[in-house]
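Have the structure open while you read.

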Amino acid sequence: MEQKKDEKVTYPKYAPGTHVSTSDIYQKNITYSWWEPEVQYAWSLGPAYSRFLEGLKEGKILGIHCHKCKRVIVPPRSFCEYCYGPTDGWIELPDTGIIETYSVSYLDPDANRIEEPILIGVIDIDGADEHHGFMHYFGEMSKDEIKIGMKVKAVWKPEDEREGSITDIKYFKPLRGGE
Amino acid sequence: MTRVCVIGIGHTDFNSMTPGMGWKEFMYEACNKAYMDAGIDPRRDIDSFITCAEDYWEGFSIFDEFVPDQIGALLRPCCTVCGDGIYGLGNAYMQIQTGLMNVVSIEAHSKASDLLTYGDIMLHAFDPIYDRPVSGPVQRPNYAGSPSYTEESPKPLVGASDEKERIHPYFLAGLEMQHYLRKTKTTEEQCAMVAVQNKRNAFSNPYADYELNISVDDVMKSEYCFSPLKNLDVSPTVDGAVCFVLASEDFAREIGAEPIYLSGFGWSSETPWLSTRGMEADYAKKASKMAYKMAEIKQPTRQIDLVEVDDRFTYKQLQHLEALGFAGEGQAGRLIEDGSLDIDGWLPTNPSGGSLGVGNCLEATGLQKSLEIVTQLRGHAGKRQIADAQTGLAQSWRGIPSGSGAVAIFTRG
């Protein structure tokens, strides 16, 4: 039910219907307790993640083999979740792939509208098995252009700005003819 | 009801730091070893998988979602028990008793070295209304920290005690120790002897990380952390992962496993009100009663050959031995004095080195203790082997600030 702006709202006297506002919190008009935890972690990454991230620093996407399952896995892991055996055999993959799925995202974490919607999705990396790749942003394309199956290519940060992180790739752009 | 057997055990090395391995690889190593030990293929033979973990120790919300790959549970029945690893054994026992599962894997681990704010995470487990504000956290307005705070609407400061210094949450152990010593007339020296013995036992345990050849005097002269608790009364944290495979007796026979039975299990939780709850480890009393009943143990002192009890703080070992019925109130101190708890005593206690010798491995603590019992019952404990061990008890407490714990009893078939 939508209320017209200037419509006078009347409440029964016994239920004034006053909402709690932010200022009530700051003025301590309501009873509450506040806590902000100090939680910090520094995860050791182990050989598979580490080598992949080192590869990103060099502008390379590295995959790993599971010989038993005949899979090329990216991002690499130390063991295969299907056969439970160890993985081995590193392989350099191209920095291209296809969009497996995407979403045009309009809301920030507080559910405010974002003026320029963010294009995000999952990329199947070329040379790896189907459904192997990772999530990333898309750029240099409009929300009307983006589609499943679109060929894309990584846009890397300049070498001196890379730090061994998935964000060493800025985004994936459309791989247009001739590139 | 079927009897439930331990058919596989596996563990990583225990180290104060493990920078070379990610937590997934760590779990994989322990599980892979347990599955090899049992001689089974997890992708084919295991019906259900249990991980015991606490999200805050891991740094993940809904940590359950991140475990299937490394324990062999991809697209299989899998769940996480939020608690000490020993609770996983109880859960596996129940799953097997339903008849729905024949073989169950249980994993717990510590990657304590990945935690940058160990004390703060523990403080986060304190009651937010009554206990945290007087546990000394400093909260100052931080306008820069969050865009939602401004000078006009700063971060609320209700309950903050910013004029006091911070205290490490281990002070709770100091409070309890003070109470325990006073009530039972146990001495600080007797507690110190626990550290001496457990750290010495650790020399015979290849995977222990905190072996030390120290004297009671060394412990007594170590600095007070939270009086009467001293530096060497506290078990330092360690990284380590442990995996158990439990199975129905029929399955164990089928694969020709040497049967070690999980013959008793019990668990219990205290109220979180610090002032109301007892300081006599009532959780351990209740849990052991339940486990003794199930394992048909009437006289624990006669029927149990060795114990691994929680010793994250020295006095805890003595308090727990009393709670489990191995000594009357205030009598456990005598047992450490007269050598009863030595490896060749009548009640070998924490032969693995316990948490003081191996390290405090967070939620893996109960499984580390169970691991020692099973290793001893199998006769594989090497230099620290206890002769003719038939029945052993593992007990675990969930650590500060909890009042929860469980007991598992294992028997050689």
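## Ground rules and a helix in chain A

A residue is called buried if 20 or more other C-beta atoms lie within 10 Å of its own, exposed if 12 or fewer, and partly exposed in between, with C-beta atoms placed from the backbone. Keep in mind that this is a predicted model, where local features need pLDDT of at least 70, side-chain atom pairs count only at pLDDT 80 or more, and totals for chains, interfaces and linings use all residues. Residues are numbered from 1 along each chain as its sequence is written, while chains are lettered from A and ligands numbered from 1 in the order in which they are written. Helices (H or I, at least four residues) and strands (E, at least two) are DSSP runs, numbered from the N terminus.

Let's start with α2 of chain A, residues 46-57. This helix has twelve residues and reaches 17 Å from its first C-alpha to its last, close to the 16 Å expected at 1.5 Å a residue (the expected span is 1.5 Å times one less than the number of residues). Its buried residues are A:Gly46, A:Ala48, A:Phe52, A:Gly55 and A:Leu56. What do they pack against? The buried residues of α2(A) pack against β1 (61-66) and β8 of chain A, together with α1 of chain B; contact here is C-beta atoms, placed from the backbone, within 7 Å. Just after α2(A), A:Gly59 takes a positive phi of about 80°.

## The sheet in chain A

Chain A has an open sheet of five strands in the order β6-β5-β4-β7-β8, with antiparallel pairing. Two strands pair if DSSP finds at least two bridges between them. The edges are β6 and β8 (169-174) of chain A, each pairing on one side only. From one strand to the next the twist averages 40° (axes are lines fitted to C-alpha atoms, for helices over the stretch in contact, and angles run from 0 to 180 degrees between N-to-C directions).

Zoom in on β5(A) and β6(A): they pair in the antiparallel sense over five bridges. In one of the pairings, A:Ile120 has A:Tyr137 in β6(A) as its bridge partner. In the loop between β5 (113-125) and β6 (133-137) you'll find A:His131, which has a positive phi of about 65° although it is not a glycine. Is A:His131 buried or exposed? A:His131 counts as exposed because it has 8 C-beta neighbours inside 10 Å.

## Where the chains meet

The contact takes 29 residues from chain B and 24 residues from chain A. On the chain B side, α1 (23-38), α2 (42-45), α4 and α6 (118-123) each supply at least two residues, and the largest share, three residues, comes from α1(B).

B:Gly72 sits in the loop between α4 (68-71) and β3 (78-81) of chain B. B:Gly72 counts as buried because it has 27 C-beta neighbours inside 10 Å. Leaving out residues up to four places away in sequence, B:Gly72 touches A:Tyr84, B:Cys31, B:Tyr35, B:Pro42, B:Arg43 and B:Ile46.

One runs from A:Val74 to A:Pro75, with omega near -5°, and A:Pro75 is in the loop between β2 (71-73) and β3 (90-93) of chain A. Another runs from B:Ile400 to B:Pro401, also with omega near -5°; B:Pro401 lies in the loop between β10 (391-397) and β11 (404-412) of chain B.

Note on methods: Two residues are in contact if their C-beta atoms, placed from the backbone, lie within 7 Å.
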